[in-house]
Amino acid sequence: MAQVKNWQLKREMKYPYEDSRPQKQIAYVFDTNKCIACQTCTVACKTTWTSGKGQETMFWNNVETKPYGSYPMKWDMNLMKDMSDQSWDKTTGAYTGKTIFEDAPRGENAKGWRPEERDYAYPNIGEDECSGIVEKGAFFNGIHDIWMFYLARICNHCTYPGCLAACPRKAIYKRPEDGIVLIDESRCRGYKECVKACPYKKTFYNMVTRVSEKCIGCYPLVEQGEQPRCVTTCIGKIRMQGFLSKPGEERADNPLDYLVRIKKVALPLYPQYGTEPNVYYIPPVHVPKEFLNQMFGPGVDEAIKTYKTAKDDKELLSAFLMFGNTPKIVHKFKSEGDFAVGYNDKNEVVTKVPHTEPVFVRPYYDEKQEAYRHNTP
Ligand code: SF4
Ligand code: SF4
């Protein structure tokens, strides 16, 4: 195995192939605090890409309620309980445990497990279930014992994909121009090694065509400068897609670089698996830190602290205002006066959003209609 640099783990690790980072890496930021689990993203993806025969249980995008939701069933628990050591150095923040590649059984490239058919039978298991019983009269008061949050999931277009590492046919590849991970279905023979090795269980086996399939990052849209369907249809405006620069080449005016690498307000999901996933999550503000540290690594406290400063930090606020306000990919953003402005790769303005929305208060009594209005700001 080769030695590669994983910036999320702050160390080198073993991987079956040499390091070859794409020119730019497709990446996403999801704000978990804003997701309402409406599943619009799930339906948008399903109707666009997976409505054919054999794709019935395929959800390239799904949204599960944590702590109990998971699709396929126990996708995260099953691997986590099998991994030998998952610790982080408290001083340096480096990962001292083993990745799925370092913990692989003899003769295999990655540690994993293959779900059974019934694991795909309950896509909404645990939906809206809290971590405990909510007593009568309970109210929200910051961090507390009873909690839940929604976790939207797609393929992470990992820098070191587990699916790619495990494929004996070399049917999986990562595009050098944008880092999107694709399966060449003409090479695939349906061995399901990718299904076993993807720690996020985001490759799916099609029992009709007998090959594996996965999220394609809506590349036909991305190639036209447009964001993917799951992003542009998102009701809660929780998502932004863009590109991350290579480590060390970050630009403060690239919203992805800025949120992920400069402000460190968005964190990778289960970075300890070692695939360097590229969907970054702003952690929920109300959930116990032990749970979040296990899920997003050691940067949770700082990320939440920074997130809460956005109302007084125009730069950060401007980056957040890029979410859900344009279908175009934002390559550059700026805070200009009272506005957040986003630009495409040709330096053309694609969105301009006020930092503060004007508030109009309608009179309590409408003289024209001779009607009283209640609760109508
Ligand atoms: S999330 Fe899974 S399917 Fe997607 S690139 Fe990573 S290992 Fe492959
Ligand atoms: S569309 Fe957006 S808000 Fe609705 S479930 Fe999907 S990620 Fe959450």
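Around ligand 2, the shell residues divide into 11 nonpolar, 3 polar and no charged. This is a predicted model. The domain assignment gives domain 1 (2–305) and domain 2 (327–377). The largest nonpolar core has 93 residues, and strand β3 gives the largest share of this core, 5 residues.

**Ligand shells**

- Ligand 2 is surrounded by 14 residues, and the closest are Cys35, Cys38, Cys41, Cys234 and Gly236.
- Helix α1 (40–49) and strand β5 each contribute at least two residues to the shell around ligand 2.
- The shell around ligand 1 also has 14 residues, the closest being Cys155, Cys158, Pro161, Cys163 and Cys198.
- By class, the ligand 1 shell holds 7 nonpolar, 5 polar and 2 charged residues, whereas the ligand 2 shell has no charged residues.

- β3 pairs with strand β10 (residues 239–244) in the antiparallel sense, over 6 bridges. Within this pairing, tyrosine 28 has glutamine 241 of β10 as its bridge partner.
- β3 also runs parallel to strand β12 (residues 279–282), to which it is joined by 4 bridges. Here the bridge partner of valine 29 is tyrosine 280 of β12.

**Nonpolar core**

- In soluble globular proteins, nonpolar side chains tend to be buried together.
- In the largest nonpolar core, of 93 residues, those with the most contacts inside it are Val29, Cys163, Ala266, Tyr280 and Tyr281.
- This core lies between domain 1 (2–305) and domain 2 (327–377), because both domains give residues to it.
- Leaving out residues up to four places away in sequence, tyrosine 280 touches Ala27, Tyr28, Val29, Val260, Ala266, Leu267 and Pro268.

**Helix α7**

- Helix α7 (residues 255–262) is mostly covered, with 7 of its 8 residues buried.
- Lysine 264 follows α7 and has a positive phi, near 55°.

**Domains**

- The C-alpha centres of domain 1 and domain 2 are 32 Å apart.
- The contact between the two domains takes 9 residues from domain 1 and 10 residues from domain 2.
- On the side of domain 1 that touches domain 2, the residues are 1 nonpolar, 6 polar and 2 charged.

**Backbone features in loops**

- Lysine 66 and proline 67 are joined by a cis peptide bond, with omega about 20°. Proline 67 is in the loop between β4 (62–66) and α2 (75–80).
- A cis peptide bond also runs from tyrosine 71 to proline 72, with omega near -5°. Proline 72 is likewise found in the loop between β4 and α2.
- Aspartate 128 has a positive phi, near 60°, in a residue other than glycine. Aspartate 128 is in the loop between α2 and β5 (149–153).
- Aspartate 128 counts as exposed because it has 11 other C-beta atoms within 10 Å, and the cut-off for exposed is 12 or fewer.
- Lysine 170 is not a glycine either, yet its phi is positive at about 50°. Lysine 170 is in the loop between α3 (162–166) and β6 (172–174).
- Lysine 170 has 10 other C-beta atoms within 10 Å, so it is exposed too.

Key: Residues are numbered from 1 along each chain as its sequence is written. Chains are lettered from A and ligands numbered from 1 in the order in which they are written. This is a predicted model: local features need pLDDT of at least 70, side-chain atom pairs count only at pLDDT 80 or more; totals for chains, interfaces and linings use all residues. A residue is near a molecule or strand if its C-beta atom, placed from the backbone, lies within 6 Å of it. Ala, Val, Leu, Ile, Met, Phe, Trp, Tyr, Cys and Pro count as nonpolar, Asp, Glu, Lys and Arg as charged, and the others, Gly among them, as polar. A residue is buried if 20 or more other C-beta atoms lie within 10 Å of its own, exposed if 12 or fewer, and partly exposed in between; C-beta atoms are placed from the backbone. Two strands pair if DSSP finds at least two bridges between them. A nonpolar core is a set of buried Ala, Val, Leu, Ile, Met, Phe, Trp, Tyr and Cys residues joined through C-beta atoms within 7 Å. Domain bounds come from an automatic or database domain assignment. Two residues are in contact if their C-beta atoms, placed from the backbone, lie within 7 Å.
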